[in-house]
Amino acid sequence: QELTPQHQLPRLHPPILSTQPPSTPSRPRGRHDHPAVIMRKRLGPFRKLGRSPEHKWAMLRNMVTSLIKHERIVTTVPKAKELRFLADKVVGYAKKNTIHGRQLADRIIREKPVLTKLFEVLGPRYEDREGGYARVLKLARPRRGDNAPMAVIEYVDRPGEIRAARVPRKRKERYFNNLREVLENAGIEPVGNGSPRQEAN
């Protein structure tokens, strides 16, 4: 008996071999797999400096620890500019002088004596300064070998600094208020109570 097309077996096609590697089992995302770490736009205010984020952060921690310890270090210009942001930030923690601020600074500073100096010396020193605790001074001679531009980064108002920093506004006001009290106690009237135009008239 002849088979009709309805009773014929279906034609089997050969299996299609995939060229892609087998999929790996899914694993939980780690800290380094987060898009904020992978994408370059979320790396923060720092430059890359030709290093990985972990290497760069370790280098900045070492440098800010040395800067607080010696209050003046010599490095390249790009590193000094990046370090200035972190140096001002830890001084801000020291000015607040809170437990949380000390914990945040402890995550950055590597040595306990340097952390103590930050909160006991640098914090009270910049109590009346609103910002600009560290400054970068470019050096005239580049580094021998690779001709890299060099700079000095230092904390202002430190003893023995070559060029004095600008006096903050709060310190000026406190100085003139104290001077006015001294003159009044001595019986000397202050000069120039009115504006210069009124005195001229």
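I began with helix 2 (residues 53-70) and helix 5 (residues 112-125), whose axes come within 9 Å and cross at roughly 50°. For this entry, axes are lines fitted to C-alpha atoms, for helices over the stretch in contact, and angles run from 0 to 180 degrees between N-to-C directions. That angle makes helix 2 oblique to helix 5, given that angles under 35 degrees count as roughly parallel, over 145 as roughly antiparallel, 65 to 115 as roughly perpendicular and the rest as oblique.

I note that the model is predicted, so local features need pLDDT of at least 70 and side-chain atom pairs count only at pLDDT 80 or more, while totals for chains, interfaces and linings use all residues. Residues are numbered from 1 along each chain as its sequence is written, and side-chain values use heavy atoms, with hydrogens and water left out. Helices (H or I, at least four residues) and strands (E, at least two) are DSSP runs, numbered from the N terminus.

I then looked up the handedness, and helix 2 passes helix 5 in a left-handed crossing (the near helix is turned anticlockwise from the far one by less than a right angle; clockwise would be right-handed). On the helix 2 side I listed Thr 65, Ile 68 and Lys 69, which meet Val 114, Lys 117, Leu 118 and Leu 122 in helix 5, contact meaning heavy atoms within 4.5 Å. By class, this contact of helix 2 with helix 5 has four nonpolar, one polar and two charged residues.

Next I turned to helix 4 (residues 99-106), which packs against helix 5 at an angle of about 140°, with the axes 11 Å apart. Helix 4 and helix 5 are therefore oblique to each other, and helix 4 passes helix 5 in a right-handed crossing. Gly 101, Arg 102, Ala 105 and Asp 106 of helix 4 make the contact with Lys 112, Leu 115, Leu 118 and Phe 119 of helix 5.

Last I checked strand 3 (residues 150-155), where six of the six residues are buried, so the strand is largely enclosed by the rest of the structure (buried means under 20% relative accessible area, exposed over 50%, partly exposed in between, with a 1.4 Å probe and protein chains only). I found both faces covered, with Met 150, Val 152 and Glu 154 on one side and Ala 151, Ile 153 and Tyr 155 on the other. Strand 1 (residues 72-76) runs antiparallel to strand 3 and is joined to it by five bridges, and Thr 76 has Met 150 as its bridge partner. Strand 2 (residues 134-138) is likewise antiparallel to strand 3, with five bridges, and Arg 135 is partnered by Glu 154.

Notes
Ala, Val, Leu, Ile, Met, Phe, Trp, Tyr, Cys and Pro count as nonpolar, Asp, Glu, Lys and Arg as charged, and the others, Gly among them, as polar. Two strands pair if DSSP finds at least two bridges between them.
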